[in-house]
Amino acid sequence: MTGPSASSSPARTPAPILNPVHALPFPQAALPILRNTQLRANVAHATDVIQAKRARLVQEKSDWQALRTAAAAIRDNVLQNLGDYLEQFETNCTAAGGIVHWAADADEARHIILDILRHENASEVIKIKTMTSAEIQLNPALQAAGIDPIETDLAELILQLGDDEPSHIVVPALHVNRFQVREIFARRMGLTNLADDPQALTAAARAHLRKKFLSVPTAISGANFLIAETGSVAIVESEGNGRMCLTLPRTLIALAGIEKVLPRYRDLEVMLQILARSATGERMNPYTSLWSGVVPNDGPQRFHVVLLDNGRSSILARPVERQTLRCIRCAACQNACPVYRQTGGHAYGSVYGGPIGAILTPQLMHLEHAQSLPFASSLCGACYEVCPVKINIPEVLIELRAQVTDLERRHTSRIFDPMYLGMRIANSLFANASRFRIAQRLGRITLRPFTRKDGWIHSLPSLGSRWTASRDLRGLPNQTFRDWWSARQKEKP
Amino acid sequence: MSATSSRQSILARIRAATAGPASLPYADLPRDYTHHGALPTDAVLHLLTDRLREYDAEVSECSPANLVATIADRLRASGRHKFVAPPDLPADWLVPGFDWAIDNNLTHDQIELCDGVLTAAFAAVADSGTIVLHHSATEGRRVLTLLPDWHLCILRSSQIVETLPEYFARCTQPPALATFISGPSATADIEMTRIKGVHGPRFLNVILVRDDLESVPHRNQAGSHDRL
């Protein structure tokens, strides 16, 4: 693998599709990316840096495990009592002057937001980075309605101007390096003399967006947390683009998944301590904003919250999968994942990449799409280890694999699928000791011609090539354990 | 539109999904993390100073009697002239010799034209170097500490706690507005290189007022040796 370089012509990959309905299965989507050494170098660099910072700051926190335990318990309490907390949030937000909307699915959420914007006569809207808006494919809907969505997070701006898609939950443009950013900004902002150091590039973004912040009267945000006790919304960010969007416009719309609620204000004492450390390897992110409804003379005077279900309530109903909804979107699992670190986020075909995406996306799609994602993991458990709310991602992956397999098995077209045929044969062989012994003997004879001197099989013909195309296979040993054991017993005096 | 029916159907699905046995009640949730810090006041102030400087903030320390002189000193050192201030700041903080705009509903454009802003704060958390604003009339509306590029924030040592849970313990009544500031606006979006000052103020200045020293006169002043 090469280091980050100025290479001007990185291998081109097809435009990423971050819609699970249309995306390719993970192995097919990952293949061209694996050939893009520039992208892989960029992803490896960024995830290495964040992981090192995170590890250092988690190390210094002597109560880290107690914080994780508390965070997981708070999130579980929220999920178990979600209906009550949401109603409490709605009551308090409404009392504070906010307007609460409920959206059963992506389509309804888009309609609610478009109706509000039409009522405001909006032709432009400034946006804080929100994964949920990407989940509901909001930007294309806004554009189709003649409303220009302006992304204000630096990374999202890079992607929007570069006609690219986010590949990470927290650092969405980590697959793009400074030379590529310079090229995009120079082209789209008409800055021919732009330097390629991050300082100059950041300054260009500041100047580009300043006018928009001061003039566009409507904004869209996500929500990191909703506080039931006060009806307030919290946004956690670094750049200050969030504060601009939350403070300057006349009208603000916050789009939030129904699981984002916390019971009380003081629960932030746990969440804020774990979130920044896990997400960016900082003790605290530069800015956290919290507001309740409409505050006279301070900030937007019209405020809407859109509470989005879009599949979440069915995840809630399933005992093993429910923990998926504890997620606070820190992306620590992405940075730690050996699969994500090779492919980046685009291969996951959704704005939620990495391990959390591999469990969340198929569930949001009711397993009708993205069935390949639960298999995009080596089950090494690194994601579980770093998760600040203790989501046992491998456990959910295995549960989803079982469900996908059950679904596939029922398909009549799958009866003669070599994999399921092979599984049925294996099932019968493993069920009986003498059949198993015969199979071992046959296997040893059949595989011997393909086994090299180093004891490994590097290439098999026909169906076997499906395995050896991407990994080697250990040749069968000349003596099985059972043979060795019985020989040893005989030798004993 | 079927807004009401969506509300009902979502809540019905949630109720059905969570109908199982109740889990731990909220009051019994495990909270075995550190609530109270163990450091003495001087060490807490040192920690806060270190953390703020790690974020490239400038930190000075002074006695209550020297506060106005220290404010004047910081304003002069900034090389800026036009400052904005929230309406209820003590009058003597608005040091003569500078152009002061008082925020009695100034427009965004008027605030944007100011070079800097002077405010008080609600609290600060040493462990993470966090300044908390509740946007009272001495802390300013949110826009006030957002548009000007330079922020001078006055913190009294009695407002400084060591851990984040200590701040929340002080909030008997949750605020309607809060902003947690941990260093100047920053991004690492391009190759994880930390760049200061994307959209928020690029320069954060903090004055720590030692209001603890007068009530505890025997305490030594070890904390003030490295003042700026």
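In which loop of chain A does Ser462(A) lie? Ser462(A) belongs to the loop between β11 (456-457) and α21 (465-468) of chain A, in what is a predicted model. Although Ser462(A) is not a glycine, its phi is positive, at about 55°, and the residue is exposed, with 7 other C-beta atoms within 10 Å.

A second residue, Arg329(A), can be described in the same way: Arg329(A) sits in the loop between α13 (312-316) and α14 (332-336) of chain A, and it is partly exposed, with 19 other C-beta atoms within 10 Å.

| Residue | Phi |
|---|---|
| Arg329(A) | positive, about 60° |
| Ser462(A) | positive, about 55° |

Chain A as a whole is divided into domain 1 (27-312), domain 2 (330-414) and domain 3 (418-491), and the centres of domain 2 and domain 3 of chain A, taken over C-alpha atoms, are separated by 30 Å. Helix α19 (residues 418-430) of chain A has 13 residues and spans 18 Å from its first C-alpha to its last, close to the 18 Å expected at 1.5 Å a residue. Of those 13 residues of α19(A), the number buried is 0, so the helix lies largely in the open.

Where the two chains meet, 75 residues of chain A are in contact with 61 residues of chain B. Helix α3 (residues 64-80) gives the most to chain A's side, with 9 residues, and that side divides into 38 nonpolar, 24 polar and 13 charged residues. Strand β9 (residues 287-292) of chain A and strand β9 (residues 177-181) of chain B run antiparallel and are joined by 5 bridges; Trp291(A) has Leu177(B) as its bridge partner in β9(B).

Technical notes: Residues numbered from 1 in each chain as written. Chains lettered and ligands numbered in written order. Predicted model: local features only at pLDDT ≥ 70, side-chain atom pairs only at ≥ 80, totals over all residues. Contact = placed C-beta atoms within 7 Å. Helix = DSSP H or I, 4+ residues; strand = E, 2+ residues; numbered from the N terminus. Nonpolar A, V, L, I, M, F, W, Y, C, P; charged D, E, K, R; others polar. Pairing = 2+ DSSP bridges. Domains from an automatic or database assignment. Expected span 1.5 Å × (residues − 1). Buried ≥ 20, exposed ≤ 12 C-beta atoms within 10 Å, placed from the backbone.
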